[in-house]
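Subject: Structure handover

Dear colleague,

I am passing on the structure below, and I would be glad if you could look it over before reading the notes that follow.

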Amino acid sequence: MNKGTYYVTTPIYYPSAKLHIGHTYTTVAADVLARFKRFTGYDVQFLTGTDEHGEKIQKAAEAKGMTPKAYVDDIVRDIKEIWKSMDISYDIFIRTTDDHHVKAVQGIFQRLYDQGDIYKSEYEGWYCTPCESFWTDTQLKEGNLCPDCGRPAHLAKEEAYFFKLSKYQDRLIKYYEEHPEICFPDSRRNEMLNNFLKPGLEDLCVSRTTFNWGIPVPFDPKHVIYVWIDALSNYITGLGYGSDNTEKYEKYWPANVHIMAKEIIRFHTIIWPAMLMALDEPLPKLVYGHGWIMFGDDKMSKSKGNIVYPEPLIERYGLDALKYFLLREFTFGYDGTYTNRIFINRFNADLSNDLGNLVSRSISMIEKYNDGIIPEAKAVTELDQELRGLATSAAARVEDAIDKLQFHQALEEIWKVIRRVNKYIDETTPWILAKDEANKDRLDTVMYHLADSIRIISILLKPFMEATSSKIWVQLGIKGDEGISWEDASLFGQLPVGIKVQRGDVLFPRLETEKEIEELERVNADYFKKINGVPEEKEALKVEPKAEITIDDFDKIDIRAAKVIKAEKHPKADKLLVLQLQVGDETRQVVSGIAAHYKPEDMVGKTVLLLANLKPVKLRGVESQGMILAASHEDKLVLGTVDGEIIPGAQLS
Ligand code: ME8
């Protein structure tokens, strides 16, 4: 049965570092969705890939002394290995360095230029290097910080091409109002509408001249095409858009869903639809932003050493355990926290206790009470009917939840059945029935209901845990699972009477919680070190201490939190900056020897520490009314600052 086409995508990931369980999360979700849709009769295309251009990648390659292409080739090989070991069933793996993609993106750029949607001008604005994004004054967070990543942005100017995003503002607003279903969760749609679209869109700078690792603008090759124009196009070039063979594009576009985490929703709900409008192509049906996997209050980061990689978890607990954990533990659409304890608890409670036990108990009983043969159900009671009702109606609820990308809910529906069947064993007490031959029909009936419910469970699990589902199928004694269909999960009594069960290994052996957590902490930390290297142990710094002082001595010093409101180069000295600081209700001018470490534009908005009662002096002709504090060692210097917001002028003590 062909129910039509279904096209699902993950973001294309940056091959700038090894992928971690955050990337795994998105990809597993897309994979489960693709598997489910194939299983339920759709003609599916599942796209993933890598976003290989841009300054960040160029710099990462330079740091390793490699060409960008050689650098990304290595990482992409590793990414493909991970997806292979995770049995990710993608149909298309697109690399933005693929020839057909490069040509198609140049074609898109040329067309938009020819039709007047892209024009040349000069850009001056706040630029965030890590995000490769320009921002307007109103978009910046306080202190001139990038609204996406929170790091300082700096003023930059360059000749550039612009995409007329502003032209599409009204159409986008109208589209979102008419199609509220296009973006999930609702909060994200409202955020886009109220914070970005309604206040007004600026035209988007879509070329760069400051680096060259990118797709050249076809008619002006000293410019490379902005990485997001290049990257977003992948969803259509991956299907052949802009090539000689557009058959797949015509068949599968528009995408049913683009899955990603929330931080890149803005690109997908504003720039991408506007590009498609300009190209006169249909918009994706759904852009779905899930939450972040966090560690405590932090997003994963290499510098904090809190990245978890999928490999050790898979090696220790199996692929299905990781997939189950990711999709069950976190509510799709919201942030969630990872800890090793949560992982182990989920494993023990859901996989080992609920599912694993159900299968092994049931198979053992069928072996013990009926020589392993599936018996006939002759003495059906109301209790059995109720069990059948719950088991056979689960498929519809699971389907509904998966269609809404509520994977945690779908798994919860399956576990409701698993827990109900476990309870059914306690209610029917087969070990008591077995004591009296007169109960044989009833005992047989209970055994059949157990076995057939487990068959249903194994079908429901198939899109999520393919290997476990097959193992259960084998234990039930059914040869080959090719004939299984999703519809079979809604029918009771499909398991043939007379076949012989085949006890197998325990599906998820129970873990000793405390010992295992300790072990997992070690395993994850070792793997992190293996991937990222062990930070070099630095010899402790020895500095000659100054003479002891009393608190009265210290009291003479007036140190204040001061906000930098203006910063410029000293007119006569390269090493000095002239800063205007807000301190309470006065403005102080301070000359500081930090020009080799801080650019003037990076200083504005910072709160620094000012030694406020230092006698004023003139430095190369400019008065300095105090001194700002910094720590330095060899050729490194970092400013002293405060840990959080505080009113300028506040005194340190
Ligand atoms: O943004 N929790 O690539 P990227 C959940 N190349 N998901 C996470 C996560 C976390 N802690 N960390 C990463 C890019 N992800 C662009 C995309 S698309 C046209 C271009 C997942 O390598 C999540 O899907 O930074 C997030 O959106 C994506 O990885 C970011 O991947």
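Glu427 and Lys423 are about one helical turn from each other, because they sit 4 residues apart in helix α15 (residues 407–428), where helices (H or I, at least four residues) are DSSP runs numbered from the N terminus. The two form a salt bridge whose closest N and O atoms are 3.6 Å apart, a salt bridge being a side-chain nitrogen of Lys or Arg within 4 Å of a carboxyl oxygen of Asp or Glu. Glu427 is partly exposed at 36% relative accessible area, and Lys423 is partly exposed at 46% (buried means under 20%, exposed over 50%, partly exposed in between, with a 1.4 Å probe and protein chains only).

Please keep in mind that this is a predicted model, in which local features need pLDDT of at least 70 and side-chain atom pairs count only at pLDDT 80 or more, while totals for chains, interfaces and linings use all residues. Residues are numbered from 1 along each chain as its sequence is written, and side-chain values use heavy atoms, leaving out hydrogens and water.

The count of salt bridges comes to 47. Among them, Asp350 and Arg346 meet at 2.7 Å, N to O; both lie in helix α13 (residues 340–370), 4 residues apart, and both are buried. Asp31 and Arg35 form another, at 2.9 Å from N to O, and these residues are buried as well. Asp31 and Arg35 also belong to a salt-bridge network with Asp87, Lys462 and Glu466.

Best wishes

Key: Helix = DSSP H or I, 4+ residues; strand = E, 2+ residues; numbered from the N terminus.
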